[in-house]
Protein chains: 2
Amino acid sequence: MRICYLGPQGTFSEKALLIYTKDIKKCDIEEVSSIPDIISRLSSNACDEAIVPIENSIEGSVNVTLDMLINDAEDLMIKGEIIIPISHCLIACDFIDLSNIRYIISHPQALAQCRQFIKENIPQARLITAESTAKAVLEAKYKGTAAAIGNERSAEIYGMKILTRDIQDVKENYTRFIVLSHKDSEITGNDKTSLVFSVSNTPGSLYKVLGVFADENINMTKIESRPSRRKFGEYVFWVDIEGHRCDNHIVTVLNKLNGKTDFLKILGSYPKFK
Amino acid sequence: MRICYLGPQGTFSEKALLIYTKDIKKCDIEEVSSIPDIISRLSSNACDEAIVPIENSIEGSVNVTLDMLINDAEDLMIKGEIIIPISHCLIACDFIDLSNIRYIISHPQALAQCRQFIKENIPQARLITAESTAKAVLEAKYKGTAAAIGNERSAEIYGMKILTRDIQDVKENYTRFIVLSHKDSEITGNDKTSLVFSVSNTPGSLYKVLGVFADENINMTKIESRPSRRKFGEYVFWVDIEGHRCDNHIVTVLNKLNGKTDFLKILGSYPKFK
């Protein structure tokens, strides 16, 4: 089996990958440099599975992942999830003073998760986006006035110094990753199902859809709206529910939803992360 | 009256400001360089009103605006909205070939709205964030290998060349701005109200809250979830509804909501943008 993830080594995605693959005997790992590239490699069968970030407890959804799964990636399904704690470090090639930092390089999500820290401690710095936190660390290696935001392991791997630890704006910080493939997972008895739908723009239409879940006493673990991209003020909803799409009561729910939504896409069922 | 906006001259916020102030006889305009600074200037009474972007039809909500209004900015209210069409241009100091562009500078929202264009046409470029599109244009002025993403007016103001027009990934592109102040607006008969709330994490709790709106036949024009920042999987909901908070049926709704939500904050009522 071939799995790709948002590399290089030292990203938070790699941490999620190591957790996911610890019980898989034989797998080839491939580093890919952006989320759209990961999804397109999986779509073209260049790999069998892929791990991408989807949601962070401070900054919210990773829009590019949601939007690609909603609008593109017709044939992909979610087969797993991994949730890991996120601790961000400020990393540089040497122990420089914060007042001498001119650039801070990181993934846009990491920059957003540390917005307050940056404003208070390094207000003079320009923010430069990188495709991953590890790439940011690698880049800061050759710039004396730059610092990167990344994890401890990336500092070790690339021989860099940690200036400050735990710099995210809220100490309790988690990111949820999903495992994508061409098939989702079998029933385990402790599953979740992800789906997206749109409803007509009339009073009560979202309420009616949520009523389908409430009638069956189904818990939603996530609800997120994204612009439909067709008309301003029209949304597509991403919902995660407890249960597997092959469970009897979920089958009932999905059938009812078909009649109450303009568009419905089942993204897959998978075991809850423990 | 003193109004501040996300400057410098040539931002999309300035366009919204010019529309908003065209019938106001006397006002002083102040450019501020970031959304958090705008909100803190308004909170400290350094100005009377402020205009900030809140939502784009391609990329969705401006998280920093939502989060500051949800978590900080206790005393601020929304008193108006302005919706403008957004057309992004690729701007440089000279007519350089796209293959020679090494950096693309813009506001993170603008970079995200042109993601596909950049990937297809300037894949080699590094993305650098700026606090506003106009600042990005101003910065690209002194870098021969950089281009900025901004509007036509910013190219004119700063004497720059437009390399390509309409580069956003979806041609129909709108951004909604809100006017913040210490008071919201009087009833006009064609109003909207913004509110945020959280519900307990049990099956049907969001459904019950939306039922309050549905029972009164109230249309939601926006619903958006943001992480609560307290616990992973807990959300705060931002909802815009049709009607003014002093309308009789909205008063009924708000009273009912009080009993069904863990937290409720009325962000203000204001005339719908025409």
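The buried residues of helix α8 (205-215) of chain A are covered by elements that include β12 (191-198), β13 (220-227), β14 (235-242) and α9 (248-260) of chain A, together with α8 (205-215) and β13 of chain B. The model is predicted: local features need pLDDT of at least 70, side-chain atom pairs count only at pLDDT 80 or more, and totals for chains, interfaces and linings use all residues. Residues are numbered from 1 along each chain as its sequence is written, chains are lettered from A and ligands numbered from 1 in the order in which they are written, and side-chain values use heavy atoms, with hydrogens and water left out.

Helices (H or I, at least four residues) and strands (E, at least two) are DSSP runs, numbered from the N terminus. Within α8 of chain A, the buried residues are A:S205, A:L206, A:V209, A:L210, A:G211, A:V212 and A:F213. Buried means under 20% relative accessible area, exposed over 50%, and partly exposed in between (1.4 Å probe, protein chains only). An α-helix has 3.6 residues a turn, so residues three or four places apart point the same way. After α8(A) comes A:N217, with a positive phi near 60°.

Chain B contributes 49 residues to its contact with chain A, and chain A contributes 49 residues. Contact means heavy atoms within 4.5 Å. Between them the two chains bury about 4100 Å², 54% of it on carbon and sulfur atoms. This buried area is the accessible area (1.4 Å probe) that two parts lose on being put together, summed over both. B:Y207, B:R229 and B:F232 supply 19% of the area that chain B buries against chain A, more than any other three residues.

Chain B and chain A share 6 salt bridges. Each is a side-chain nitrogen of Lys or Arg within 4 Å of a carboxyl oxygen of Asp or Glu. One salt bridge joins the side chains of A:K119 and B:D37 (3.7 Å, N to O). Strand β13 (residues 220-227) of chain B gives the largest share of the side of chain B that touches chain A, 8 residues.

A UniProt annotation from an unreviewed entry, "domain: Prephenate dehydratase", covers residues 2-182 of chain A. Such annotations may be inferred rather than shown by experiment; positions use the numbering given here and feature names are shortened. The span is 30% helix and 32% strand, and its end C-alpha atoms lie 13 Å apart.

A:T175 lies in strand β11 (residues 174-181) of chain A. A:T175 counts as buried because its relative accessibility is 8%.
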